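Subject: A structure for you to look at

Hello,

Here is the structure I promised to pass on. Please open it alongside this note, and my findings follow below.

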Amino acid sequence: MNAVIPLPLAEPQSLAQRKKRETDKLAKRLRHQVGKAIADFGMIENGDKVMVCLSGGKDSYTLLDVLLQLQKKAPVEFSITAVNLDQKQPGFPEHILPEYLKSIGVDFHIIEQDTYSVVSRVIPEGKTMCSLCSRLRRGALYTYAEQHGFTKIALGHHRDDLVNTFFLNLFFHAKLSGMPPKLLSDDGKHVVIRPLAYVREDDIEAYAEARQFPIIPCNLCGSQENLQRKQVKKMLAQWEKDTPGRIETMSRALGDIRPSQLSDPKLFDFLSLGKRSDGDLPDAHAWLAGGETPREDD
C-alpha cells in the first residue's frame, strides 16, 4: 500500500501582505474609475498642462496620486503640477506639503495669499465662512492657472460630493443643479475637471490611510457644525445605512436627466407640446385675471 504524502501547507499570509494586496486592489479600482471618468467626459487630451489643486486633505492627495499613476501609461502625453494655496491660517504647518511633494518628485508651487484675514474680518463670528473662502481660493487658483498657461484645473471632488451638492441645491436653493465632472468657468477661460467623479468617499478614506498621506485638517471653519452641507451629508449617510447602494443609484441618476419629465420650460418646449393651432396661447395674466380671453374665431 502506497503511503500518502501530505502536501505542504501554504504559509499563512502576514497581516502586512494582506494589507498590501487589499491596497493594490483598491488602487486598481481607483485607477479604473478615474480613467473611466477621464474618458467619459474628455477631461484630458494630448498636450494638456494639468494643475492639480492640492489642499492637504485626503481627496486631493488621492487625486494627485492616482493621476500620477495613470500618467505613466496614459494614451496621451500631459504634464502635472500640484498647486497649493497657503491661506495663512494661524498654525498652518507650511512645511508638510513641500516636503511631501519633493519626496515624490512632482512639480509643484505654493501660492501665498492671506485669505484667512479677509474672511475673518468680513464674516461675523459664528457665521459660515465657506462661501467667501471658496470664492477667494478659486480666484487665486484661477489667476495662477491663467498666468502659467494651464489648460485644465483638476479638483478633488468625489462621487459623494456630487450627490451632496445636488441635494444641497435642491433643499436650500430651490434648484436642480450640482457639481459637474467637467465645466467651463463663468469667464470662459478655464476648464475645470473632477476626475474622482466616480469614486466613493469611503474608498478615498481607505486609500489615504493605506498610503499614509500627511493629512492637513482645515481648521478655518471646523467648528461650524451646523453647516447646510453637513446636514445633507448626515442625511445621505443615514440613507446609505438604511439602504446600501442608494448613493450610487443617485449618482447614476445625475447622468440620466430627462428634461421633459421635469418642469423647466427653458429645457423643454411645453408650450408647443400637443398644441393644435398656430395661434398664441393666453398668458398667465389673462388666466389670473379671471375674465374672458379672446378666441381665434371672435
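**Glutamate 201 and its surroundings**

Not counting residues up to four places away in sequence, glutamate 201 touches Lys58, His158, Asp160 and Lys233, where contact means heavy atoms within 4.5 Å. Before going further, please note that this is a predicted model, in which local features need pLDDT of at least 70, side-chain atom pairs count only at pLDDT 80 or more, and totals for chains, interfaces and linings use all residues. Residues are numbered from 1 along each chain as its sequence is written, and side-chain values use heavy atoms, with hydrogens and water left out.

Glutamate 201 is found in helix H7; helices (H or I, at least four residues) and strands (E, at least two) are DSSP runs, numbered from the N terminus. With a relative accessible area of 11%, glutamate 201 is buried. Buried here means under 20% relative accessible area, exposed means over 50%, and partly exposed is in between (1.4 Å probe, protein chains only). The C-alpha atoms of glutamate 201 and aspartate 161 are separated by 8.3 Å, although the two are 40 residues apart along the chain.

Arginine 159 lies in helix H6 (residues 159-173). Is arginine 159 buried or exposed? Its relative accessibility is 5%, so arginine 159 counts as buried. Leaving aside neighbours within four places in sequence, arginine 159 is in contact with Leu196, Ala197, Tyr198, Val199, Arg200, Ile247, Glu248 and Ser251.

**The chain as a whole**

The secondary structure comes to 10 helices and six strands. Of the 298 residues in the chain, 34% are buried. Among contacts with a separation of 6 or more, 74% are between residues 24 or more positions apart. The chain exposes about 19600 Å², and carbon and sulfur atoms supply 53% of that area; accessible areas come from the Shrake-Rupley method with a 1.4 Å probe, and for residues, only the protein chains shown count as cover.

**H1 against H2**

Helix H1 (residues 15-41) packs with helix H2 (residues 58-73) at an angle of about 80°, and their axes are 10 Å apart. Axes are lines fitted to C-alpha atoms, for helices over the stretch in contact, and angles run from 0 to 180 degrees between N-to-C directions. That angle makes H1 roughly perpendicular to H2 (under 35 degrees counts as roughly parallel, over 145 as roughly antiparallel, 65 to 115 as roughly perpendicular and the rest as oblique). From H1, the contact is made by Ala27, Leu30, Arg31, Val34, Gly35 and Ile38, and from H2 by Thr62, Val66, Leu67, Gln69 and Leu70. By class, these are seven nonpolar, three polar and one charged residues; Ala, Val, Leu, Ile, Met, Phe, Trp, Tyr, Cys and Pro count as nonpolar, Asp, Glu, Lys and Arg as charged, and the others, Gly among them, as polar.

One of the residues on the H2 side is worth a separate look. Glutamine 69 lies in helix H2 and is partly exposed, with a relative accessible area of 21%. Its contacts, leaving aside neighbours within four places in sequence, are Ala27, Arg31 and Tyr207.

**Nonpolar cores**

The largest nonpolar core has 35 residues, and those with the most contacts inside it are Val34, Ile44, Val52, Leu64, Leu67 and Ile80. A nonpolar core is a set of buried Ala, Val, Leu, Ile, Met, Phe, Trp, Tyr and Cys residues joined through side-chain atoms within 4.5 Å. At least two residues of this core come from each of H1, strand S1 (48-53), H2, strand S2 (78-86), helix H3 (96-104) and helix H7 (201-211). H2 gives the largest share, seven residues. Apart from this core lies another, of 14 residues, among them Leu85, Ile111, Leu141 and Leu155.

Leucine 67 touches Val34, Ile38, Ile44, Val52, Phe78, Ile80 and Ala154, not counting residues up to four places away in sequence.

**Two positive phi values**

Alanine 174, in the loop between H6 and strand S5 (182-184), has a phi near 55°, a positive value in a residue other than glycine. Alanine 174 counts as exposed, at 73% relative accessibility. Glutamine 212 also has a positive phi of about 55° although it is not a glycine.

Best wishes
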